[in-house]
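Keep the viewer open as you read.

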Amino acid sequence: MKIGMLTSGGDCQALNAAMRGVVKGLSENDKDLEVYGFYDGYKGLIYGNYRLLSSKDFSGILTVGGTILGSSRQPFKQMRIPDENGLDKVEAMKETYYKLNLDCLVILGGNGTQKTANLLREEGLNVIHLPKTIDNDLALTDHTPGFGSAAKYIAASTKEVIRDAMGLSYKRKMITIMEIMGRNAGWLTGATALAKTEDCCGPDLIYLPEIPFDVDRFLKKCSDLLEKKPSIVIAVSEGIKVPDGRYVCQLAGGSDYVDAFGHRQLAGTAGYLASFLAAKTGCKTRAVELSTLQRSASHMASRVDINEAFMVGGAAVKAADEGDSGRMVVIDRVSDDPYMSAAGIYDVHKIANNEKLVPRSWVNREGNYVTREFIDYVEPLIQGDYQPFMVNGLPQHLVLKR
Ligand code: F6P
């Protein structure tokens with residue numbers, strides 16, 4: 001059996017575990033297995049940049065930062081547009097597939113990635129889809145590989161930020177705004193609520209992108225809280241918008257950079273709100289933008305996340321073996337207490353065009369905190385850890401061998 005594998009979209013912690021699951025499952029089933037790894041996502045498939053991978057490539061990679069294949073963002077709508085040299089990208093991908101005589105392509109990624117994967121399936125290629133994204137916005141899967149580890153890092157960092165702010169606010173009032181990723185979906189921002197533990201009061205307010213953001217009400221809420229406590233910590237999504245549809249980060253001017261997907265770069269929401277509150281309240285304020293740290297923190301991966309990624313990788317093999325093209329392996333929550341999950345499988349076209357947002361009923365009435373249901377949903381996903389492989393005091397990362 002010959003399979004091709006690629007990962008596309010932003011980095012996340014569970015990528016290597018999912019690929020290892022694929023290869024482990026395949027090598028147990030099929031002794032004559034050849035796995036071709038495409039570099040830099042779809043680019044590798046388009047331009048024929050790949051390498052035959054050996055079992056050594058997959059050894060010890062479970063929790064090492066970085067992916068063994070690299071990634072890139074290739075917007076679906078540009079796939080049909082020839083490149084600058086007139087190359088038809090879809091035809092080029094098919095050509096690579098047939099040249100290598102592949103039986104199947106295993107494609108790991110989020111919404112955008114899966115749309116392109118679906119296009120390739122419609123063009124006649126055998127494709128098995130594996131979900132991965134820190135944003136957790138894929139439909140029909142209970143959650144996505146990568147989300148649990150990012151949520152764990154975010155919750156731990158929130159605790160640390162709150163602890164730090166408490167120490168410093170002894171003599172002076174202090175406001176800290178934390179900015180979390182997730183353009184349209186507030187799963188990651190809501191995970192800051194997990195910081196509320198017996199040794200931490202948790203964030204005071206949480207604002208998700210699903211709920212329009214009212215600047216005046218926000219100011220009033222912060223002022224009221226500051227009457228009662230010296231330090232307040234607020235979590236905001238990078239994607240919160242004012243009612244007229246502008247991102248909060250645009251209010252300060254912000255960056256006009258728009259990526260190949262037509263997405264405006266979201267950054268500066270916390271910075272804008274921190275300056276705004278400093279001017280309005282006279283308090284010391286600080287903005288903490290977690291930015292890429294939340295998807296790259298390999299030293300804070302969730303064991304549940306890594307194990308589940310390995311599980312879906314293995315299930316992809318079964319699907320490939322059964323000739324299940326156009327299907328995505330998903331995670332089904334089998335039980336809440338104790339938490340248990342299993343791999344399931346769905347048609348990818350039901351998943352690729354749907355963005356899973358936080359349900360309104362999992363946000364409180366005021367729209368400034370998540371509910372108990374939200375916390376119960378996320379909490380099991382951040383459990384357990386893996387000791388990172390440390391070299392000279394630092395976590396080791398993978399470097400692409402091209
Ligand atoms: O896809 C994951 C994600 O981390 C989003 O939450 C975020 O909006 C986006 O990537 C940022 O992408 P980039 O780092 O390419 O600007």
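The paragraphs below take up the ligand, its pocket and then a few backbone details.

First, some ground rules. This is a predicted model, in which local features need pLDDT of at least 70 and side-chain atom pairs count only at pLDDT 80 or more, while totals for chains, interfaces and linings use all residues. Residues are numbered from 1 along each chain as its sequence is written, and side-chain values use heavy atoms, with hydrogens and water left out.

Start with the ligand. Around it you will find R73, I134, D135, M181, G182, E238 and R295, where being near means having a heavy atom within 4 Å of the molecule. By class, this shell holds two nonpolar, one polar and four charged residues; here Ala, Val, Leu, Ile, Met, Phe, Trp, Tyr, Cys and Pro count as nonpolar, Asp, Glu, Lys and Arg as charged, and the others, Gly among them, as polar.

Now look at the polar contacts, meaning pairs of N or O atoms within 3.5 Å. A polar side-chain atom of E238 lies 2.5 Å from a ligand oxygen atom. For D135, a side-chain N or O atom is 2.6 Å from an oxygen atom of the ligand, and for R73 a polar side-chain atom is 3.0 Å from a ligand oxygen. Taken alone, the ligand exposes 400 Å², and the protein buries 73% of that (Shrake-Rupley areas with a 1.4 Å probe).

Where does the ligand sit? Its place is the largest pocket, in the sense that more than half of its atoms lie within 2 Å of the pocket's grid points. A pocket here is an open set of points on a 1 Å grid over the protein atoms alone, with protein on both sides within 12 Å along at least five of seven lines, and its lining residues have an atom within 4 Å of a point. The largest pocket has a volume of about 1,200 Å³, the space filled by probe spheres set on the points. It is lined by 45 residues, and the closest to its centre are R73, D135, R183, D259 and H263. The largest share of the lining, four residues, comes from α4.

Finally, turn to the backbone. Most residues other than glycine have a negative phi, and most peptide bonds are trans. D40 has a positive phi of about 55°, and N136 has a phi near 60°. The peptide bond from D337 to P338 is cis, with omega near 0°.

Methods: Polar contact = N/O pair within 3.5 Å; in protein donor to acceptor, adjacent residues only side chain to side chain. 1 Å grid on protein atoms, 1.4 Å probe; cavity = no way out; pocket = protein on both sides within 12 Å on 5 of 7 lines; lining within 4 Å. Helix = DSSP H or I, 4+ residues; strand = E, 2+ residues; numbered from the N terminus.
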